[in-house]
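My entries follow the structure.

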Amino acid sequence: MGLTPLQKCTSAIRMLAYGSSADIVDEYVRIGESTAIECLERFVMGVNEVFGAEYLRRPNNNDVEHILQMGESRGFPSMLGSIDCSNNDINVLNQSNVFNDILEGRAASVQYTINGSPYNMGYYLADGIYPELATFVKTISMPQGEKRKLFAQHQESARKDVERAFGVLQSRFAIIRGPARAWHMETLKHTIYACIILHNMIVEDERHTYEGDFDYSYDNVGNNNSTTETSNGPHPNLATRLQRRANLREKQVHRQLQGDLVEHIWERFGHEDDEN
């Protein structure tokens with residue numbers, strides 16, 4: 001009770017930012033080990049309760065349109081992001097929100113055309129270890145020909161965005177990089193979520209300072225050919241879920257989309273070197 005809120009918050013934030021143990025902050029803020037741990041637990045729970053609904057929410061229609069604009073600027077129309085982490089085992093993927101949202105009808109409905117072929121499912125960029133699913137666009141290992149080489153170059157370049165995002169998150173909050181200390185699972189979960197929330201706050205605050213010619217405002221939302229609609233309807237019946245699962249696992253759609261994007265990337269960027 002004799003400690004000020006400033007001391008408690010300083011202790012918690014230092015442990016998040018530097019990944020230091022609880023007893024290290026004793027000399028700096030005059031807080032004992034057990035008190036520092038309690039301060040951290042209460043701090044991350046408070047961040048989750050107060051800011052979680054805003055900074056951990058699902059993308060809404062405006063967010064999806066914003067993401068699609070960013071994908072278009074990189075040469076990948078209707079791209080919803082990248083999949084690139086250690087959780088690439090098919091058993092783990094089956095439990096991910098990406099798959100559950102598609103199977104349960106909560107994913108954004110995207111209608112678009114690439115190289116004359118119509119599609120109705122957004123996609124994520126992935127590396128070669130992922131399965132051939134309709135919602136993934138993988139790179140091409142050992143590409144042959146200038147078109148495929150250019151596609152692989154642009155795909156791998158765009159896919160690095162997610163790696164950089166995780167890298168920045170870890171550099172800001174060193175507690176994520178280190179081994180988990182002997183805390184309860186709920187505490188670990190709240191700690192990770194709190195770091196993500198604080199990271200998203202920083203991104204939102206500093207977005208205007210980022211370099212690049214992409215317009216990050218929402219002024220131009222709705223000016224492209226893609227249409228999106230998010231749904232939070234009732235759980236689908238078994239037949240509908242099985243049909244969505246079958247559509248998700250269409251290898252032919254995966255290969256056709258990859259081939260159409262190869263042509264699209266070549267048409268858009270293939271002659272830049274000649275012009276230069």
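I took buried to mean under 20% relative accessible area, exposed over 50% and partly exposed in between, with a 1.4 Å probe and protein chains only. Helices (H or I, at least four residues) and strands (E, at least two) are DSSP runs, numbered from the N terminus.

The model is predicted: local features need pLDDT of at least 70, side-chain atom pairs count only at pLDDT 80 or more, and totals for chains, interfaces and linings use all residues. Residues are numbered from 1 along each chain as its sequence is written, and side-chain values use heavy atoms, without hydrogens and water.

Entry 1, helix H10. I noted His254, Leu257, Gln258, Asp260, Leu261, Val262, Ile265 and Phe269 as buried in H10. An α-helix has 3.6 residues a turn, so residues three or four places apart point the same way.

I found four aromatic pairs in the structure; rings of Phe, Tyr and Trp (its six-membered ring) pair if their centres lie within 6.5 Å, and planes under 30 degrees apart count as stacked, over 60 as edge-to-face and the rest as tilted. The rings of Tyr112 and Tyr123 have centres 6.2 Å apart and planes at 55°, so I recorded this pair as tilted. Tyr112 lies in strand E2 (residues 109–114) and Tyr123 in strand E4 (residues 123–126), eleven residues apart. Tyr112 is buried at a relative accessible area of 7%, and Tyr123 is buried at 0%. One aromatic cluster is formed by Tyr112, Tyr119 and Tyr123.

I located Leu56 in the loop between helix H3 (33–55) and helix H4 (61–73). Leu56 is partly exposed, because its relative accessible area is 36%.
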